[in-house]
Amino acid sequence: MEPQRLRLAVQKSGRLSDGSFELLKQCGLTISRGRDKLYGRAMELPIDVMLVRDDDIPAFVADGACDAGIVGSNVAEEDRLGSARVQPLEVVRRLGFARCKLALAAPSARAAEGFRGLDGARVATSYPRITERFFAGQGVHATTVLMNGSVEVAPRLKIADAVCDIVSTGATLEANGLKPLATVFESEAVLIAARASPDGLGAVFEALLKRIDGVLMSRDAKYVMMNAPRDRIDAISALLPGAASPTVLELAGRPDMVAIHAVCREDVFWSTLEQLKDNGASAILVLPIEKMMA
Ligand code: ATP
Ligand code: ZN
């Protein structure tokens, strides 16, 4: 019997889409999109990809229409704060793409005192619960005005005194004469699922998770090789970022030297290479890692 196909909700088109499809590709999944472009089918694992608006994803997953989904943590968190779901959604993995922040911003005239100056203000946002939680935590009494798009124009339309909106570069704020006052939430894409049922999340989901973990692990990871003086092994090991225990190999005809190989879980910078060199390392190679499984 063919195993039950896992239904994964992904944003159809928008700022999460490219990253989501890239992740699935890195997981070795080729998605063939149906003619109606409403869903895609993975060839390599029994997974169907539902192509939807990102805002609908938490409800689809919570209702069981989909088993899992990829959304911004801003959307997942807003949903969590607002819903009294019997089966709360679980953030299963943070995926590290579509990074942005939710920031408070106001016209210059209102910005002088920072966000504390927003006491008594009306703040336009698509994320009222996250925004209200921030104000409550800071003891600032502001009210929110829900807007589902073009939040940045609210002050000019006199709908609100300030905004709490998604910012990546700040260019949109600036174009609308708004000054950033505070970061309210840092967001990235996350994988969500309904909280694990007693019999687990299922074999297909586990298989997908293993592949996602492999991708996340290898994303910044590098394989580093070098020759080094035998008496500097400890100093050099300490310099390698996120490396558990390096492999130390004999070098033929050089009893004073060894080769050191290590998997570094974090990015290796030029400054690290310079420090390795200062410790007598030579012939240093840093290689990308394509796949990894713990
Ligand atoms: P949809 O039509 O699916 O409802 P949308 O217009 O609501 O799309 P997008 O602008 O595509 O949504 O943003 C989707 C998510 O991508 C946001 O909720 C946020 O998590 C993330 N995001 C938004 N803006 C940026 C940005 N400038 N940089 C990186 N990530 C962003
Ligand atoms: Zn949306």
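Predicted model: local features only at pLDDT ≥ 70, side-chain atom pairs only at ≥ 80, totals over all residues.
D54 brings a polar side-chain atom to 2.9 Å from an oxygen atom of the ligand. At A98 the backbone is involved: one of its polar atoms is 3.5 Å from a nitrogen atom of ligand 1. On its own, ligand 1 exposes 640 Å², and the protein buries 76% of this (Shrake-Rupley, 1.4 Å probe).

Around ligand 1 there are 17 residues (a heavy atom within 4 Å), and Q11, R15, R53, D55 and N74 come nearest. By type, this shell splits into six nonpolar, six polar and five charged residues (Asp, Glu, Lys and Arg count as charged, and Gly as polar).

The largest pocket holds about 1200 Å³ of space (an open set of 1 Å grid points that fit a 1.4 Å probe, with protein on both sides within 12 Å along at least five of seven lines; lining atoms lie within 4 Å of a point). Its lining counts 40 residues, with D54, N74, Y127, D165 and I166 closest to the centre. Sorted by type, the lining has 15 nonpolar, 14 polar and 11 charged residues.

Residues are numbered from 1 along each chain as written, while chains are lettered from A and ligands numbered from 1 in written order. Local features need pLDDT of at least 70 and side-chain atom pairs 80 or more, whereas totals for chains, interfaces and linings use all residues; side-chain values use heavy atoms, without hydrogens or water.

Methods
Polar contact = N/O pair within 3.5 Å; in protein donor to acceptor, adjacent residues only side chain to side chain. Points joined across faces, edges and corners; volume = space filled by probe spheres on them.
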